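Subject: Handing over the structure

Hi,

As promised, here is the structure for you to take over. Have a look at it first, and then read on for my notes.

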Amino acid sequence: MSTATTTVTATAAKGPDSKGWFWGTGRRKTAIARVRVRPGNGDIKLNEKTLEDYLTEDKDRKAILAVLEKTGVKGKVDVTAGLVGGGITGQAGAVVMGLARAVMAYDSSLEPILREHGFLTRDARKVERKK
């Protein structure tokens, strides 16, 4: 039984899905982002809106674009993300991590660049409960 589990895990982790998307999931605070990447012309959609329409803060937009610029895939891949929970900044942080994971699935040779810039590191800080 453990052999079957190992096989399923290994198969799910490599390559694109049936429609050519590479997946990555990112989390920050209570926000969760399910990010998909595939070869394309550079379109970025967050919850069916453009990057500029969804994120109002310039620093949040720059953080997301930094992943694409540092890895050299800006303008070469389409990005689609489904976001739930948290606030805008938490969602932007979740997209950064999910996008980094999806880009790593797209091209595993980019992992050292992503690690060097801290895009694959989970920010585990959460809001402390009231006492």
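Below is what I found, going from the whole chain down to single residues.

Before anything else, this is a predicted model, in which local features need pLDDT of at least 70 and side-chain atom pairs count only at pLDDT 80 or more, while totals for chains, interfaces and linings use all residues. Residues are numbered from 1 along each chain as its sequence is written, and side-chain values use heavy atoms, with hydrogens and water left out.

**The chain as a whole**

The chain has five helices and five strands. Both kinds of element are DSSP runs numbered from the N terminus: helices are H or I with at least four residues, strands are E with at least two. Reading from the N terminus, the order is α-β-β-β-β-α-α-β-α-α.

Of the 131 residues, 34% count as buried. Here buried is under 20% relative accessible area, exposed is over 50%, and partly exposed is in between (1.4 Å probe, protein chains only). The accessible surface of the chain is about 8,100 Å², and carbon and sulfur atoms hold 53% of it; these areas come from the Shrake-Rupley method with a 1.4 Å probe, and for residues only the protein chains shown count as cover.

If you look at contacts (heavy atoms within 4.5 Å) with a separation of 6 or more, 68% of those in the chain are between residues 24 or more positions apart.

**Two helices side by side**

Now find helix α3 (residues 58–71) and helix α4 (residues 88–106). They pack at an angle of about 10°, and their axes are 9 Å apart. The axes are lines fitted to C-alpha atoms, for helices over the stretch in contact, and angles run from 0 to 180 degrees between N-to-C directions.

Which residues make the contact? From α3 they are Lys-59, Asp-60, Ala-63, Ile-64, Val-67, Leu-68 and Thr-71, and from α4 they are Ile-88, Thr-89, Ala-92, Val-95, Val-96, Leu-99, Ala-100 and Val-103. Sorted by type, there are 11 nonpolar residues, two polar and two charged. (Nonpolar covers Ala, Val, Leu, Ile, Met, Phe, Trp, Tyr, Cys and Pro; charged covers Asp, Glu, Lys and Arg; polar covers the others, Gly among them.)

**Salt bridges**

How many salt bridges does the structure hold? There are eight, counting a side-chain nitrogen of Lys or Arg within 4 Å of a carboxyl oxygen of Asp or Glu.

One of them joins Asp-123 and Arg-28, with the closest N and O atoms 3.1 Å apart. This pair links distant parts of the chain, 95 residues apart: Asp-123 is in the segment after α5 (111–116), and Arg-28 is in strand β1 (residues 22–28). Asp-123 is partly exposed at 23% relative accessibility, whereas Arg-28 is buried at 16%. Together with Arg-125, these two residues are linked in a network of salt bridges. Also worth a click: the C-alpha atoms of Asp-123 and Gly-93 are separated by 8.5 Å, although the two are 30 residues apart along the chain.

Lys-62 is exposed at 54%, and Asp-58 is partly exposed at 41%.

Then there is Glu-69 with Lys-74, at 3.1 Å between the closest N and O atoms. Glu-69 is partly exposed at 46%, as is Lys-74 at 44%.

**A few single residues**

Lys-29 has a positive phi of about 50° although it is not a glycine. It sits in the loop between β1 and β2 (31–39) and is partly exposed at 37%. Asn-47 also has a positive phi, near 50°, and is not a glycine either. Its place is the loop between β3 (44–46) and β4 (49–50), and it is partly exposed at 29%.

Last, Met-104 in helix α4 is partly exposed at 23%. Beyond its neighbours within four places in sequence, Met-104 touches Glu-111, Leu-114 and Leu-120.

Over to you!
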